[in-house]
Amino acid sequence: MGDAVAVQFGKSSVYTGIVWRLHDTPPAKGEAKPILQVLYDKPLLSELQMRFWEWIADYYICSVGEVMRVALPSIIKAKARCEAEFEPYVPKRETTVKLVAAAFSDEVRAKMERRAPKRYEALCEIERAGGVLPRYAVELDATALKALVKAGLVEMGERDYKLDSEWSKMLLPKLSSAQAKALDDIRSGLSDKRVALLHGVTSSGKTEIYTHLIEERLARGEDVLFLVPEISLTTQLVERMRSLFGESVTVYHSKLTPQQRTKLYTDMLSSESGNFVVGARSALFLPYKKLGLVVVDEEHDSSYKQTEPNPRYNGRDAAVVLASLYDAKCVMGSATPSLESYTNYLSGKYAYALLTERYGGVEMPDIVISDTVRNVKRNERKLHFNKELLDGIADRLERNEQVILFQNRRGYSPYMECPSCGWSARCPHCNVTLSVHQQKGRMVCHYCGYNEPIVRYCPNCKTTELKAMGFGTERVEEAVSQLFPEARVLRLDGDTATSGTAYNRIIGAFARHEADILVGTQIVSKGLDFADVTLIGILNGDNLLASPDFRAEERAWQLLMQVAGRAGRRDKRGEVIIQTAEPEHSVYSLIGDYERVTTKLLAERKQFRYPPFVRMVKIMMRSSNKSLLVDSSLRFGEQLRNRFGRRVLGPVSPLIDRVRGEYRVELMLKVEVESSFSRARAILREEIAKLRSDKECRNVVIICDVDVM
Ligand code: ADP
Ligand code: ZN
Ligand code: ZN
């Protein structure tokens with residue numbers, strides 16, 4: 001069991017399957033197909049992994065096949081046309097690009113920097129990496145690379161794709177007494193509990209504490225998994241871990257090439273235990289042999305949840321299940337623990353350790369709330385900037401310190417509007433406005449990717465005075481460059497950090513103080529540590545609270561805390577300036593006061609029956625046939641109400657009720673934590689099957705999102 005096999009269905013389709021169970025019951029319909037080939041010399045999945053897949057499929061209401069889709073690298077499970085294509089692909093060598101240092105002279109550099117900045121940057125990147133980088137990490141297309149080879153600046157080569165090397169015992173940093181106490185609390189807490197929650201303010205040294213726990217496990221020959229919420233965060237962390245644990249640290253996430261993922265998976269399959277993996281949630285599916293510890297860093301982060309497609313699992317919660325399957329321990333860390341995890345500590349389920357101070361006595365920053373309405377009245381607001389923020393930036397520039405500006409929206413502006421008739425540019429496939437991206441010269445749908453050139457006149461009344469409404473990071477970058485022409489500005493968002501290398505380039509340049517101001521989206525709030533940043537500006541705090549979602553306030557507050565944690569350094573207190581039209585909102589006055597925020601939010605959640613007091617399943621129904629969708633969703637709502645009564649809400653139209661030409665409605669199921677959730681899921685499955693047995697309704701897509709974020 002657990003073997004990968006090839007089976008033919010139909011004339012020309014061969015599929016990979018996993019042997020799940022051996023039995024001799026003939027299929028109800030049709031004939032059993034023969035196995036064409038066993039694909040690897042050993043099973044791809046262990047018994048424990050199979051239990052883990054089953055748990056995910058059961059809990060998140062999807063099929064085991066859908067779990068397989070995220071769990072195995074695509075090469076292993078590829079659907080092929082013929083048997084021959086099933087040669088398991090295991091790359092042994094990788095192509096490299098080597099910088100010819102002698103040719104990259106000062107003269108050449110100066111010329112290239114002006115004339116070919118992209119190529120110049122790529123070469124600098126190779127230089128910084130020590131002179132050689134694998135081909136996939138060099139951000140140049142084939143033509144550019146060829147030209148550089150021809151010019152004698154780089155040489156192409158090959159090297160062994162060696163990922164494993166000896167883990168060397170190293171010297172871990174000595175912990176401060178507060179840190180040592182927290183480590184002790186975790187150790188003793190884990191003696192009788194599965195999970196420990198490490199609640200430590202930003203820069204308190206949570207990562208240092210993890211390293212001590214990791215070292216113990218590796219020394220015992222156990223596997224360790226270190227989860228981070230986002231791929232972009234792996235790079236910095238991996239560097240830090242490699243400097244401690246040597247080259248043996250493995251990075252695993254969904255953005256690696258299929259070849260790389262396959263190589264890592266199969267390597268681990270044939271290796272002994274003692275693997276140290278840093279990765280995003282998909283790393284939960286690697287073939288661990290003796291998993292001893294799972295670290296879940298930034299456990300509150302909603303990026304741990306897969307939103308699309310199935311399985312819509314939460315990596316943090318799945319980590320706890322994985323740990324219990326392996327009888328391993330789990331340590332979760334955050335500066336702003338989620339209400340769910342904090343409640344688990346309060347109820348005695350999780351152990352807990354607290355770090356209230358930043359390492360080295362760095363002070364928490366000063367928080368300044370800047371009233372946008374008052375600024376407008378006094379005529380002191382310029383291009384999205386209030387006076388307080390303008391003065392703050394000018395002051396930092398003068399002192400050669402750095403500034404981060406945060407705006408949670410990419411692009412130039414979220415929509416283009418006609419001031420005379422009110423027309424706005426909308427996506428033809430989704431019920432949303434098109435965002436303006438000035439640099440690309442296009443208007444883009446952030447839901448389906450549809451884009452078109454920026455409109456120059458109103459198609460409705462032919463006015464040419466269209467206005468770009470609101471502002472995103474691109475517009476902030478433009479404004480700040482106008483207001484402070486001498487400042488060097490970088491931007492970090494989904495449009496500039498298109499790959500890990502691009503992300504590293506921007507972060508690296510800012511860390512080396514090659515720019516004064518960094519404008520960015522959420523990405524800048526995560527895991528970054530810049531010594532010279534003493535001011536953080538939040539351009540529009542109201543934006544954070546604008547979403548109708550019940551988690552909006554918790555999220556806004558977490559984000560403000562995380563962003564605030566990036567400001568300040570040992571010798572100088574940092575400052576955070578938040579621009580808002582609603583300065584009285586409690587989210588601002590409570591920044592930094594975890595207990596009070598948590599008490600307030602938990603009381604609200606309890607009153608209005610939200611998690612962690614209930615489990616919520618969002619049921620999404622989709623169809624391109626609107627009346628069919630309305631009919632079947634009303635019917636499904638009735639069906640569910642018959643079983644669950646008032647625990648069912650909807651159907652309602654979501655805020656964005658059409659995406660990619662498909663209409664959407666939603667139902668919500670709230671199950672009290674005291675009642676059996678597995679029973680509720682079983683009923684839900686039954687009712688879905690019942691609806692699907694209707695010929696017409698079968699064409700409506702039904703998707704469940706358990707523990708919706
Ligand atoms: P967190 O993970 O809580 O945000 P980090 O572990 O990244 O905090 O620590 C913040 C900074 O303080 C890092 O630069 C780290 O190297 C330094 N630091 C923390 N603890 C120690 C220690 N015990 N010895 C030396 N440096 C430390
Ligand atoms: Zn118009
Ligand atoms: Zn669209």
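## Basis

The model is predicted: local features need pLDDT of at least 70, side-chain atom pairs count only at pLDDT 80 or more, and totals for chains, interfaces and linings use all residues. Residues are numbered from 1 along each chain as its sequence is written, chains are lettered from A and ligands numbered from 1 in the order in which they are written, and side-chain values use heavy atoms, with hydrogens and water left out.

## Ligand 1

The shell around ligand 1 holds 16 residues, the closest being Lys174, Gln179, Ser203, Lys206 and Thr207 (a residue is near if one of its heavy atoms lies within 4 Å). Helix α8 (residues 206-219) gives the most to this shell, with 3 residues; helices are DSSP runs of H or I with at least four residues, and strands are E runs of at least two, numbered from the N terminus.

A polar side-chain atom of Gln179 lies 2.9 Å from a nitrogen atom of ligand 1. Oxygen atoms of the ligand lie 2.8 Å from a backbone N or O atom of Ser203 and 3.1 Å from a polar side-chain atom of Glu208. Of the 560 Å² of accessible area that ligand 1 has on its own, the protein covers 76% (Shrake-Rupley method, 1.4 Å probe).

## Cis peptide bonds

The bond from Asn310 to Pro311 is cis, with omega near -5°. Pro311 is in the loop between β11 (291-297) and α11 (315-325). The bond from Gly650 to Pro651 is also cis, with omega near 10°, and Pro651 lies in strand β26 (residues 648-652).

Technical notes. A polar contact is a pair of N or O atoms within 3.5 Å; within protein, one must be able to donate a hydrogen and the other to accept it, and residues adjacent in sequence count only if both atoms are side-chain atoms.
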